[in-house]
Amino acid sequence: MTHDDMPRSVRDLLRGLDRAALASALPGETGVWPYASLVLVAVDHDLSPLLLLSDLAEHTKAIQADSRVSLLFDGTAGLDQPLTGPRVTVLGRAERTADERTKARFLARHPDAALYAGFKDFRFYRVAVERTHLVGGFGKIRWIDRADLAAPQTLGLAEAEAGIVTHMNEDHADAIQLYAGKLLGLDGAGWHMTGIDPEGLDLRRGGQVARLAFEAPLAAAGEARKVLVALVAKARAVT
């Protein structure tokens with residue numbers, strides 16, 4: 001991993017995982033204490049982590065007192081030597097959001113969350129990223145500010161995403177299976193698409209998630225169809 005590759009590594013890791021450890025400052029009778037817990041995460045097009053939290057949870061009480069949080073995205077699963085693998089700590093501020101598009105993106109990533117997302121004590125939050133700390137393995141360590149992450153923005157893609165995902169799942173399930181089986185080498189049937197952003201698309205099968213990166217970022221939302229068709233041709237060419 002070169003110095004120039006590190007921002008892309010951060011983006012790939014955040015977008016490729018569906019959970020993180022959330023750390024916040026929990027107030028108490030004996031002062032403020034660091035508090036960490038496991039949360040489900042989706043990541044928006046601009047790289048902002050999206051959370052669904054209960055008002056009754058300890059981390060929500062902490063956020064209400066101090067919006068500063070950090071999230072650890074751990075990409076070391078399955079490694080014999082975990083400390084050689086990548087992980088990213090995100091520093092930012094968590095704020096409640098009522099934006100319907102981001103709610104839909106989270107629920108597409110975590111369909112089972114729809115069972116409780118409508119409860120009165122659950123709220124959606126967006127974390128405005130300020131800095132990230134990447135540890136890509138031994139000696140591969142760097143602080144990266146939000147401005148240097150340079151997440152590509154594709155005009156109109158965020159607004160078109162839900163329609164693209166629905167169309168692919170309903171009309172092109174065979175293509176999605178090709179993506180998973182041929183391009184990513186994943187076993188099993190029943191994969192479905194949960195999201196598409198400028199740099200790739202997200203898949204899910206039960207409790208397993210996967211990400212297929214594009215060779216180049218989408219320059220416009222209208223390019224999505226061409227790229228998705230090209231990926232089918234690429235998958236069919238795999239022997």
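**Exercise 1.** With which residue does Arg204 form a salt bridge, and how far apart are the closest N and O atoms?

*Solution.* This is a predicted model, in which local features need pLDDT of at least 70, side-chain atom pairs count only at pLDDT 80 or more, and totals for chains, interfaces and linings use all residues. Residues are numbered from 1 along each chain as its sequence is written, and side-chain values use heavy atoms, with hydrogens and water left out.

Step 1. Apply the criterion: a salt bridge is a side-chain nitrogen of Lys or Arg within 4 Å of a carboxyl oxygen of Asp or Glu.

Step 2. The partner of Arg204 is Asp18, with the closest N and O atoms 3.2 Å apart.

Step 3. Helices (H or I, at least four residues) and strands (E, at least two) are DSSP runs, numbered from the N terminus.

**Exercise 2.** Is Arg204 buried or exposed?

*Solution.* Step 1. Buried means under 20% relative accessible area, exposed over 50%, and partly exposed in between (1.4 Å probe, protein chains only).

Step 1. Arg204 has 9% relative accessibility, so Arg204 counts as buried. Asp18, at 4%, also counts as buried.

**Exercise 3.** Which backbone oxygens does the side chain of Arg204 reach?

*Solution.* Step 1. A polar contact is a pair of N or O atoms within 3.5 Å; within protein, one must be able to donate a hydrogen and the other to accept it, and residues adjacent in sequence count only if both atoms are side-chain atoms.

Step 1. A polar atom of the Arg204 side chain lies 2.9 Å from the backbone oxygen of Arg109. The backbone oxygen of Gly206 is reached at 2.9 Å.

**Exercise 4.** What is the strand order of the open sheet of three strands?

*Solution.* Step 1. Two strands pair if DSSP finds at least two bridges between them.

Step 1. The order is S9-S10-S11, with antiparallel pairing. Strand S9 (192-197) and strand S11 (208-213) are the edges, each pairing on one side only.

Step 2. Strand S10 (residues 200-205) is joined to S11 by six bridges.

**Exercise 5.** Which residues are linked in a network of salt bridges?

*Solution.* Step 1. The whole structure holds 20 salt bridges.

Step 1. The network links Arg8, Arg11, Asp12, Arg15, Asp197, Glu199, Asp202 and Arg211.
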